[in-house]
Amino acid sequence: MGTRIAVELWSGDPAAGQAASDAVLAEMRRVDALMSHYKPESQLSQINQRAASEAVRVDPELVALIQRAQALSGLTGGAFDITYASVGYLYDYREHVRPTDDQVRDGLGAVNWRHVIVDPEASTVRFAREGVRIDLGGIAKGYAVDRAIGILESMGVVHASVTAGGDSRIIGDRFGRPWVVGIRHPDDAGRIVVRIPVVDAALSTSGDYERYFDEDGVRYHHIIDPKTGRSAGEVRSVTIIGPDATTTDGLSTSVFVLGPERGLELVERIGEVDAVIVRRDGKVLYSSGLAAPQAPPQNQPEK
Ligand code: AMP
Ligand code: MG
């Protein structure tokens with residue numbers, strides 16, 4: 001995944017603890033081998049190579065995650081769209097490469113989640129037209145974290161935290177106190193904007209400082225608005241807190257694209273999730289589940 005994995009867990013027995021963390025890393029590698037778009041032999045790459053001309057048979061697990069991504073596309077009005085990759089591949093952040101307006105215009109015709117036709121019965125994926133590419137980078141790390149937590153639970157672990165890049169999930173508490181997760185300042189990795197106590201929950205952050213380059217005062221980064229083919233620019237970071245990491249990962253990318261107003265509206269509508277948004281001007285916005293309570297009414301006569 002090209003990302004940092006961290007596992008913290010408690011176990012009465014050092015050998016069992018080591019076996020549990022080994023199992024987490026093995027599961028992360030397995031998911032990566034299945035879904036990586038960097039690896040030409042992965043099943044995801046097989047889809048990208050062949051699905052425009054035939055229905056490509058893949059593991060039901062991959063089909064299910066693509067269906068989950070499609071559901072999120074429907075929920076977000078297409079802000080989350082794994083076919084963003086049909087233009088996304090034209091960017092190379094390390095080499096400071098970005099597409100021309102003509103290239104974006106040509107690529108955008110292939111960007112539409114409805115171009116991905118999934119047949120769960122046959123366990124196949126097919127593209128409705130040429131030029132479509134998919135990439136699960138906006139949701140697969142959260143999925144891998146959820147898989148890892150499932151393995152830890154099956155091994156009897158009851159206090160643990162698993163993180164892959166910006167996606168974390170926590171089971172239990174930390175010695176009777178909540179785990180505390182800091183949200184970093186977009187321009188200073190050493191500075192914390194806000195600390196959030198977390199017990200039995202997942203938390204994902206999407207930021208414009210993860211993969212990017214700056215040119216003429218514009219930040220070109222890895223979260224792409226499928227409507228424009230350009231980096232979404234209204235916010236600097238979005239953190240979502242929710243029940244599982246697949247949900248929070250997908251939603252943090254989605255809300256980043258939607259921007260603060262439509263993003264918060266979606267979060268309130270879903271209900272079981274909360275959000276912290278760092279807007280482009282630096283202002284920090286919270287969903288209603290996190291917002292500081294209003295000062296209680298002071299039954300005092302006005303002077
Ligand atoms: P995250 O850090 O979870 O927000 O994921 C960012 C990654 O999501 C990018 O590196 C892309 O792989 C992918 N991505 C970018 N834009 C979109 C989009 N509009 N919909 C779905 N995935 C996206
Ligand atoms: Mg995400």
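Which residues does Ile47 touch, not counting residues up to four places away in sequence? In this predicted model, the list runs Val56, Val58, Leu62, Ile66, Val125, Phe127 and Ile134. That makes a handy way into the packing. Nonpolar side chains tend to be buried together in soluble globular proteins, and here the largest nonpolar core has 61 residues. Ile47 is among the four that touch the most other members, along with Met35, Ile66 and Leu136. If you go by elements instead, helix α6, residues 140-154, gives the most to this core, with seven residues. There is also a second, separate core of 11 residues, including Ile183, Val198, Leu203 and Val276.

Leu203 turns up again if you look at a charged residue, Asp167. This aspartate is found in strand β6, and with a relative accessible area of 2% it is buried, because the cut-off for that is under 20%. Leaving aside residues up to four places away in sequence, Asp167 touches Lys141, Gly142, Val145, Val162, Leu203, Ser204 and Asp249.

Now for the rings. A pair of aromatic rings is described by the distance of the centres and the angle of the planes, and the count here comes to five aromatic pairs. Take Trp10 and Phe175: their ring centres are 4.8 Å apart and the planes sit at 85 degrees, so the pair is edge-to-face. These two come from distant parts of the chain, 165 residues apart. Trp10 is in the loop between β1 (5-9) and α1 (14-35), while Phe175 is in the loop between β6 (167-171) and β7 (179-185).

Trp10 has another partner, Trp179. That pair is edge-to-face too, at 5.7 Å centre to centre and 75 degrees between the planes. Trp179 lies in strand β7, so this pair ties together parts that are 169 residues apart in sequence. Elsewhere, Tyr91, Tyr93, Phe213 and Tyr220 form one aromatic cluster.

On to empty space. Rolling a probe the size of a water molecule over the atoms shows where such space is left. The second largest pocket has a volume of about 180 Å³. Its lining includes Asp208, Arg219, His221, Phe256 and Arg280. Strands β11 (218-221) and β14 (235-242) each supply at least two lining residues, and β11 has the largest share, with three. By type, the lining splits into four nonpolar, four polar and four charged residues.

Ser123, though, is buried, with a relative accessible area of 7%.

How values were computed. Residues numbered from 1 in each chain as written. Chains lettered and ligands numbered in written order. Predicted model: local features only at pLDDT ≥ 70, side-chain atom pairs only at ≥ 80, totals over all residues. Heavy atoms only, no water. 1 Å grid on protein atoms, 1.4 Å probe; cavity = no way out; pocket = protein on both sides within 12 Å on 5 of 7 lines; lining within 4 Å. Points joined across faces, edges and corners; volume = space filled by probe spheres on them. Helix = DSSP H or I, 4+ residues; strand = E, 2+ residues; numbered from the N terminus. Nonpolar A, V, L, I, M, F, W, Y, C, P; charged D, E, K, R; others polar. Core = buried A, V, L, I, M, F, W, Y, C linked by side-chain atoms within 4.5 Å. Buried < 20%, exposed > 50% of the residue type's maximum accessible area, 1.4 Å probe, protein only. Contact = heavy atoms within 4.5 Å. Phe/Tyr/Trp six-rings, centres within 6.5 Å; stacked < 30°, edge-to-face > 60°.
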